[in-house]
Amino acid sequence: MQPIPLTLHSYPKAILHADCDAFFASVEQALDPQLRGRPVITGKERGIAAAMSYEAKRCGVTRGMRLFEIKRICPDAVILPSDYETYSLYSKRFYEIVRRFTPDAEEYSIDEVFADISGLRRLHHGSYEEIAFKIKKTVEAELGITVSIGLSLTKSLAKIASKQNKPSGFTCIPGYELHNYLKGVATDKVCGFGPNTVNLLAKRGVRTVLDYVRQPEHFAKKLLGKIGVELWHELRGEAVYPIILIQKSNQYTLGKTKTFTPPSNDREFVRAQLLRNMESAFIKLRRHKLRAKTIAIYLTESDYRTRGLHAELSRGSASTTEVSVTVSGLFDHVFQAGKCYRRTGIVLSELEADIEIQHDLFEDPCKVKGLREISKVIDQVNELYGKHTLHLGSTVCLKSFSQHLGDRGDVTSRKMDTLKGENFRQHLNIPIWKVDV
Amino acid sequence: MTLRVLGEIRAGWPSPAEEELIDSIDLNEYLVPHPSQTFIICVKGDSMIDAGIHPGDLAVVERGRKPEHRDIVIAEVDGSWTMKYYELSGKTVRLVPANGKYAVIVPRHELRVNGVVVAVLRKIKK
């Protein structure tokens with residue numbers, strides 16, 4: 001007996017998921033031909049593998065692996081500090097290429113995009129498969145990295161499809177093929193089914209995605225609740241999750257944290273590290289025209305034990321100068337003499353739009369206005385001369401410190417080999433292609 | 001920075017200069033027409049010196065663009081990278097330098113044109 005299809009349609013909606021392969025490592029290889037075909041690992045500044053090329057994966061390198069272990073199992077590995085600046089430029093270009101084909105593109109993560117290409121066949125003179133393939137080829141030709149593409153009826157199905165045959169995969173699952181395809185896909189391949197859910201489903205004899213969607217809807221509801229039902233529809237080809245075009249603008253918290261090596265027990269140095277994070281957080285806060293009402297700080301010791309404190313301000317503030325007093329006070333409560341610290345961090349929450357000032361009863365409105373003026377000047381100077389040019393006196397001891405001393409202190413070539421007219425912080429927003437010509 | 005192409009002004013006559021302001025092009029658009037596929041290469045060699053490309057110059061290169069006859073291209077020939085004129089004669093491709101010291105390259109096994117040079121920058125002062 002022929003199994004019954006889930007639907008007879010091909011693409012009632014055409015949703016694609018594009019996922020760059022080993023993104024950070026691929027960008028490094030694309031920009032430096034000498035790295036092609038070699039095991040490349042990024043994350044040197046963190047001491048662990050953040051991303052690795054397929055050559056490195058074949059050597060057995062996994063995400064999060066310590067660098068000394070990598071050197072042991074893969075002696076000819078090229079280990080690089082992460083160049084987030086260049087990865088972000090690449091990411092933007094990747095989104096831009098997908099948007100050339102359809103305006104309905106969701107920036108799902110730095111290296112992933114969901115796109116709705118329904119109704120675009122006439123515009124692009126081709127089938128949905130052909131459009132998806134053209135997107136793949138364009139990314140590969142213009143950026144020099146490979147991308148895996150999945151095309152199907154919903155986001156959940158497209159994501160399953162893109163994971164097949166990575167790297168450089170291309171998998172299209174039209175509606176009438178769903179039942180054939182999903183019988184070979186285990187439930188742990190579904191984005192949203194964690195190990196617990198997979199085990200729970202297995203206890204009911206549900207091992208493949210087809211098993212799951214062949215169950216009645218109330219089975220999904222009873223066992224897994226609302227999300228179970230949503231995925232049940234998605235995996236049958238009925239779109240529940242929309243393509244989200246605008247990134248959420250109302251951020252609820254904003255944090256900055258930085259590790260430094262070697263760990264330090266110098267009170268003023270650790271304080272300066274924290275205040276620098278505060279400065280960075282407030283620069284970002286002001287850029288988004290927000291102010292914060294709650295401020296939390298934390299310090300991490302060399303054995304990763306972390307302690308913190310938070311304070312609530314009498315009104316929201318966006319002034320570095322004003323809040324530095326509070327942060328410094330919190331720091332003195334948390335810092336313990338004799339202990340070694342390796343990381344500091346700050347989290348701003350209860351964010352609100354920075355519009356009218358509401359003065360509290362006991363403060364001097366002129367002083368508050370003055371603080372706003374100071375913030376403005378800080379931002380303008382830094383805009384002109386580079387971030388942190390104008391900074392708090394307490395962070396002056398960081399000036400010559402390169403965040404990590406020793407091996408992990410290596411900075412990216414983009415920061416070392418600046419072009420004429422560039423400085424350490426500000427670079428041309430075009431990637432440098434390291435070709436020897 | 002913006003480059004403005006202004007209309008013609010005649011001395012002695014009242015000139016409605018603002019009305020004559022023709023559409024202006026940003027220096028970015030002028031030098032980088034397709035930003036999402038543009039890369040910078042720092043030139044090291046002197047094989048294109050007669051084309052005005054000196055060591056230390058920045059070449060603005062478009063990746064994924066189809067080369068035309070006499071374009072300056074970034075190519076991978078038999079395993080090594082080079083910047084040369086791309087010359088088509090019939091079905092054969094030659095890579096021609098702009099410096100008498102270097103020989104014309106005729107690819108033996110493999111030729112991959114990876115980019116086309118669209119502009120060359122030389123910053124004189126910081």
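**A walk through the model**

Guide: Let's start with Ala158(A), which is buried because 28 other C-beta atoms lie within 10 Å; buried means 20 or more such atoms within that distance, exposed 12 or fewer, and partly exposed in between, with C-beta atoms placed from the backbone. This is a predicted model, where local features need pLDDT of at least 70 and side-chain atom pairs pLDDT 80 or more, while totals for chains, interfaces and linings use all residues. Residues are numbered from 1 along each chain as its sequence is written, chains are lettered from A and ligands numbered from 1 in the order in which they are written.

Visitor: Which element is the place of Ala158(A)?

Guide: Setting aside neighbours within four places in sequence, Ala158(A) is in contact with Leu16(A), Phe114(A) and Leu151(A), among others; contact means C-beta atoms, placed from the backbone, within 7 Å. Helices here are DSSP runs (H or I) of at least four residues and strands (E) of at least two, numbered from the N terminus. The place of Ala158(A) is in helix H6, residues 155–163, of chain A.

Visitor: What separates the centres of domain 1 and domain 2 of chain A?

Guide: Domain 1 covers 15–163 and domain 2 covers 253–398, with bounds from an automatic or database domain assignment. Taken over C-alpha atoms, the separation of their centres is 35 Å.

Visitor: Which residues touch the most other members of the largest nonpolar core?

Guide: A nonpolar core is a set of buried Ala, Val, Leu, Ile, Met, Phe, Trp, Tyr and Cys residues joined through C-beta atoms within 7 Å. A second, separate core of 21 residues includes Leu299(A) and Tyr341(A). The largest core has 90 residues, and those touching the most other members are Leu16(A), Ile41(A), Met52(A), Leu151(A), Ile41(B) and Ile74(B).

Visitor: Which element gives the largest share of the side of chain A that touches chain B?

Guide: Here 18 residues of chain A are in contact with 20 residues of chain B. Helix H4 (84–101) and helix H5 (128–143) of chain A each give two or more residues to that side. The largest share, 3 residues, comes from H4(A).

Visitor: How far apart are the end C-alpha atoms of H4(A)?

Guide: The buried residues of H4(A) include Tyr87(A), Leu89(A) and Phe94(A), and what covers its buried residues includes helix H1 (23–31) and strand E1 (15–20) of chain A. The expected span of a helix is 1.5 Å times one less than its number of residues. For the 18 residues of H4(A) that should come to 26 Å, and the ends agree, being apart by 26 Å.

Visitor: Over in chain B, how many residues of strand E4 are buried?

Guide: Strand E4 of chain B covers residues 58–63 and is largely enclosed by the rest of the structure, because most of its 6 residues are buried. The number buried is 5.

Visitor: Which strand do 6 bridges join to E4(B)?

Guide: Strands pair if DSSP finds at least two bridges between them. Strand E3 (residues 38–42) of chain B pairs with E4(B) in the antiparallel sense over 5 bridges, and Phe39(B) has Val61(B) as its bridge partner. On the 6-bridge pairing, also antiparallel, Glu62(B) stands opposite Val116(B). The strand asked for is E8(B), residues 111–121.

Conventions
Contact = placed C-beta atoms within 7 Å.
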